[in-house]
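Here is a short report on one protein model. Keep the sequence and the 3D view open while reading.

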Amino acid sequence: MAEAATTYDYDLLLSPAERAGEASFRRMVDGGRVDGIIVMEIMLEDDRVEYLARSGFPFVTIGRNSRAEETSWVDLDFAGLARGCVYHLADLGHRRIAFVNRSEQLFQSGYGFAHLGLEGYTKAMAEQVLTPHAYLCDDEVTAGEAVLERILLDDPATTSLVTMNEAALEGLYRGLTRLGRSVPRDFSVVGVAAGRWAEQVNPQLTAAEIPVKEMSRVAVELMMRRLDEPEAPPRHVLLKPLISLRESTGPCRPVPGSEPEREFPDLDQFPGLPDLPGSDF
C-alpha cells in the first residue's frame with residue numbers, strides 16, 4: 001500500500017486503531033493529520049466506518065459491511081471462494097467436508113471475512129445436499145491441531161476440509177499426520193490463503209490466493225478518486241481469484257467402514273434364472 005501511495009506522491013501513516021474511540025484514530029480524523037483513511041479489518045458493524053461517514057471525512061475500506069452501498073470499497077468474494085472450495089472437493093467425490101473458520105473471538109466480534117466464508121460454505125453444502133460441519137479455530141498452530149482432532153472425533157469418516165485460517169494450517173497438517181491421515185491420499189485440504197502460507201506446507205495447499213498487492217493498489221486508487229472527486233458515487237471492486245491447484249487435494253477414498261454395505265438382490269424374486277453347475281446359486 002505504501003508503494004502504491006508513493007506513485008501519487010502520498011505518504012502512508014499506519015494506525016492499529018480497531019475502534020473509533022481510540023486516541024490514535026481520533027488524532028488522525030479530528031486533528032486533520034491525514035487527507036484520507038483506508039480502513040481495514042472491517043466488522044459487520046464497524047464504529048470507525050460510522051464515525052467517518054458521519055463526519056464526512058474521506059475514506060474507503062478494504063472489506064465491506066452494512067454500509068457497503070454507501071462507501072467505496074475493495075474486497076474478496078469470500079463467500080464465493082468458500083463455495084468454490086466446496087464444489088472442488090465435491091467434484092473429487094468428497095461428501096464429508098468440514099470447514100475451519102477463524103477464531104471465536106473474531107467471529108463474535110462480527111469480522112466480515114469469517115461470516116462471509118461461513119455463508120459461502122453453508123450455501124454450497126446445502127446445494128450439494130451435504131451436512132455442514134463448521135468449526136471456529138484460533139489463529140495458531142496448536143489450535144489447528146486441536147480442531148482437526150475434534151473434526152475426526154465428531155465424524156471419523158470426514159475425508160476433506162475447507163479452511164480460511166492460514167495461521168492454523170500447519171497445525172491441521174500436523175493433526176492429520178498424527179492421526180494417520182495422509183494428504184492428499186486419504187484426506188484433502190483446500191482453502192483461501194496468501195501464497196506464502198499455501199506454499200510453506202507440504203504438500204502445498206490448493207487454494208484461492210489472497211491478492212494482497214492487488215487489493216492494496218485498488219484501495220489506494222479508490223482513495224485517490226475519493227480525494228479528487230468527493231461528490232462522485234462510491235465505487236465497489238469485488239475480486240474473485242481462481243483456485244490454484246497444488247498437491248493437497250485428490251479423489252475421495254472413503255474411510256474403511258464408513259460406506260454402507262452393498263445390498264444384493266433377493267434371487268428368489270427371479271425364478272427364471274438358470275441353475276448353473278458349480279456356482280453358488
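## Helix 6

Helix 6 covers residues 112-127 in this predicted model. Its 16 residues should span 22 Å at 1.5 Å a residue. The end C-alpha atoms are 23 Å apart, which agrees.

The buried residues of helix 6 are Gly112, Phe113, Ala114, Leu116, Gly117, Gly120, Tyr121, Ala124 and Met125. An α-helix has 3.6 residues a turn, so residues three or four places apart point the same way.

## Helix 10

Which residues of helix 10 are buried? They are Met215, Ser216, Val218, Ala219, Val220, Leu222, Met223 and Met224. Their packing partners are helix 1, strand 1 (37-39), strand 2, strand 3 and strand 9 (236-239).

## The second largest pocket

Rolling a probe the size of a water molecule over the atoms shows where empty space is left. The second largest pocket holds about 280 Å³ of space. Its lining is made of 18 residues. Glu70, Thr71, Arg226, Pro230 and Pro234 lie nearest the centre. Two elements give two or more residues to this lining: helix 3 (47-55) and helix 10 (212-228). Helix 10 gives the most, with 3 residues. By class, the lining has 9 nonpolar, 6 charged and 3 polar residues.

Thr71 deserves a separate look. This residue sits in the loop between strand 2 (59-62) and strand 3 (73-76). Is Thr71 buried or exposed? Its relative accessible area is 7%, under the 20% cut-off, so Thr71 counts as buried. The Thr71 side chain reaches the backbone oxygen of Arg67 at 3.2 Å. Beyond neighbours within four places in sequence, Thr71 is in contact with Phe59, Pro234, Arg235 and His236. Pro234 is also among the residues nearest the pocket centre.

## Backbone exceptions

Most residues other than glycine have a negative phi, and most peptide bonds are trans. Some sites here depart from that pattern.

Where is phi positive? Asp9 has a positive phi of about 65 degrees, although it is not a glycine. Asp9 lies in the loop between helix 1 (2-6) and helix 2 (23-30). Its relative accessibility is 73%, over the 50% cut-off, so Asp9 counts as exposed. Val129 is not a glycine either, and its phi is positive at about 55 degrees. Val129 follows helix 6 and belongs to the loop between helix 6 and strand 5. Val129 is exposed too, with a relative accessible area of 71%.

Cis peptide bonds come next. The bond from Val183 to Pro184 is cis, with omega near 5 degrees. Pro184 is in the loop between helix 8 (169-178) and strand 7 (188-193). Asn202 and Pro203 are also joined by a cis peptide bond, with omega about 0 degrees. Pro203 has its place in the loop between helix 9 (195-200) and strand 8 (206-209).

## Distances along the chain and in space

Val29 is part of helix 2. How far apart are Val29 and Cys252 in space? Their C-alpha atoms are 54 Å apart, and 223 residues separate the two in sequence. Val29 is buried, at 7% relative accessible area. Leaving out residues up to four places away in sequence, Val29 touches Ile37, Tyr51, Leu52, Ser55 and Phe57.

Arg253 lies in the segment after strand 10 (243-244). Arg253 and Thr159 are 94 residues apart along the chain, yet their C-alpha atoms are separated by 7.4 Å. What does Arg253 touch, not counting residues up to four places away in sequence? The partners are Thr159 and Arg185. Arg253 is partly exposed, because its relative accessible area of 46% falls between the 20% and 50% cut-offs.

Notes
Residues numbered from 1 in each chain as written. Predicted model: local features only at pLDDT ≥ 70, side-chain atom pairs only at ≥ 80, totals over all residues. Heavy atoms only, no water. 1 Å grid on protein atoms, 1.4 Å probe; cavity = no way out; pocket = protein on both sides within 12 Å on 5 of 7 lines; lining within 4 Å. Points joined across faces, edges and corners; volume = space filled by probe spheres on them. Helix = DSSP H or I, 4+ residues; strand = E, 2+ residues; numbered from the N terminus. Nonpolar A, V, L, I, M, F, W, Y, C, P; charged D, E, K, R; others polar. Buried < 20%, exposed > 50% of the residue type's maximum accessible area, 1.4 Å probe, protein only. Polar contact = N/O pair within 3.5 Å; in protein donor to acceptor, adjacent residues only side chain to side chain. Contact = heavy atoms within 4.5 Å. Expected span 1.5 Å × (residues − 1).
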